[in-house]
Amino acid sequence: MPAAQLYDNHGRPLSYVRLAVTDRCNLRCFYCMPEEGIKYLPKNQLLTYEEMERLVGLLARLGISKVRITGGEPFVRRDLVPFLWRLRALPGIEQLHLTTNGLLTAPLVPELKQLGVGAVNLSLDTLDRERFHRITRRDDLPKVMATLDALLAHDIPVKLNAVVMEGQNTEDLGPLAELARHQPVEVRFIEEMPFNGEGSHYPVLTWTHRAILARLTELYPGLHKVPDPAFSTAYHYQVPGFKGKLGIIAAYSRTFCGTCNRIRITAQGTLKTCLYDHGVLDLRALLRANASDETLTAALLRAFGSRPKDGHEAERGRLAHPVQESMSTIGG
Ligand code: SAM
Ligand code: SF4
């Protein structure tokens with residue numbers, strides 16, 4: 001029997017957990033990490049697979065039915081695929097999704113298909129090899145494109161995530177959008193957030209969701225809004241004749257908080273009930289103090305019962321901790 005629906009203190013259903021399985025990464029994206037000097041967590045501070053499986057099992061019993069595996073780059077963590085099989089087998093987990101940079105992913109795509117991975121979000125900020133190298137500080141665009149081809153060949157639904165950055169890839173909006181002309185992909189343009197290990201890159205964000213929409217409308221005058229799936233963070237658009245869709249995610253402007261159904265567990269086992277909070281529960285400490293299922297469940301329910309109403313309220317609650325941690329520990 002499926003678990004009862006879980007709600008937060010604002011009456012929003014909670015059904016989706018994003019689990020960062022590592023903070024390590026084989027890229028150094030400009031918007032996510034400094035080029036050098038990133039301090040990875042000591043290995044013993046990362047949750048073990050057993051700890052993650054226990055947490056997801058408890059969440060599933062409470063009503064969480066969708067898991068997204070993210071990171072860091074999830075595939076740099078050893079033995080990820082066997083862990084995915086274990087998650088897949090947990091009663092109540094109906095959807096397993098992944099977010100990846102695609103560097104190590106292509107050869108694993110047949111097994112991801114067998115696993116029943118429902119969709120993959122693939123990060124791709126440019127189709128230009130030099131710009132890719134400059135943004136990610138690695139010359140690996142061909143590997144990402146091989147992953148895209150493999151996902152499409154195996155009919156795994158793909159969303160492409162492109163962070164729009166002033167002075168870096170704004171000329172790529174058109175070429176990236178063109179990927180949706182002949183292929184059933186959703187190309188999503190994301191506002192850049194200050195989660196880069198250093199703090200905000202700009203005094204004011206120029207490439208807001210409005211600016212992105214204005215540029216796309218210039219490129220495609222027939223672009224029109226189409227309905228968004230429930231709980232989607234993206235606004236969806238269609239260009240007449242395109243097989244796929246375009247999306248815009250107002251991650252910095254935070255226009256989607258009213259229907260937010262997601263929680264996050266960071267690589268070090270901190271629960272976040274909002275992307276912009278500073279972490280609301282140290283799950284790792286509870287797990288390692290041998291907390292019972294009842295104690296963990298009660299702590300989770302308390303956290304779900306005191307969620308901030310939106311990302312602005314959560315950010316105000318950070319007080320002495322302005323947003324600057326790397327997205328690689330949070331998972332996006
Ligand atoms: N390494 C994987 C990847 O890049 O797809 C998964 C982790 S990454 C942190 C998850 C998503 O967060 C990526 O799509 C990335 O584009 C996005 N992201 C990272 N830093 C961001 C930032 N400062 N602003 C907006 N999106 C960001
Ligand atoms: Fe790595 Fe993903 Fe962050 Fe890029 S966005 S540095 S690929 S974790």
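User: Is Lys 309 buried, exposed or partly exposed, and what is its relative accessible area?
Analyst: This is a predicted model: local features need pLDDT of at least 70, side-chain atom pairs count only at pLDDT 80 or more, and totals for chains, interfaces and linings use all residues. Residues are numbered from 1 along each chain as its sequence is written, and side-chain values use heavy atoms, with hydrogens and water left out. Buried means under 20% relative accessible area, exposed over 50%, partly exposed in between (1.4 Å probe, protein chains only). Lys 309 is partly exposed, at 43%.

User: Which residue forms a salt bridge with Lys 309?
Analyst: A salt bridge puts a side-chain nitrogen of Lys or Arg within 4 Å of a carboxyl oxygen of Asp or Glu. For Lys 309 the closest N and O atoms are 4.0 Å apart.

User: Which residues do salt bridges that share partners join into one network?
Analyst: Shared partners link the salt bridges here. The network consists of Asp 8, Arg 12 and Arg 307.

User: How far apart in sequence are the parts that Asp 8 and Arg 307 tie together?
Analyst: Their side chains meet in a salt bridge (2.7 Å, N to O). Both Asp 8 and Arg 307 are buried. Each lies in a loop, Asp 8 in the one between strand 1 (6-7) and strand 2 (13-14), so the pair ties together parts separated by 299 residues.

User: What is the relative accessibility of Arg 188?
Analyst: Arg 188 forms a salt bridge with Glu 186. Glu 186 is buried, at 13%. Arg 188 also counts as buried, at 9%.

Key. Chains lettered and ligands numbered in written order. Helix = DSSP H or I, 4+ residues; strand = E, 2+ residues; numbered from the N terminus.
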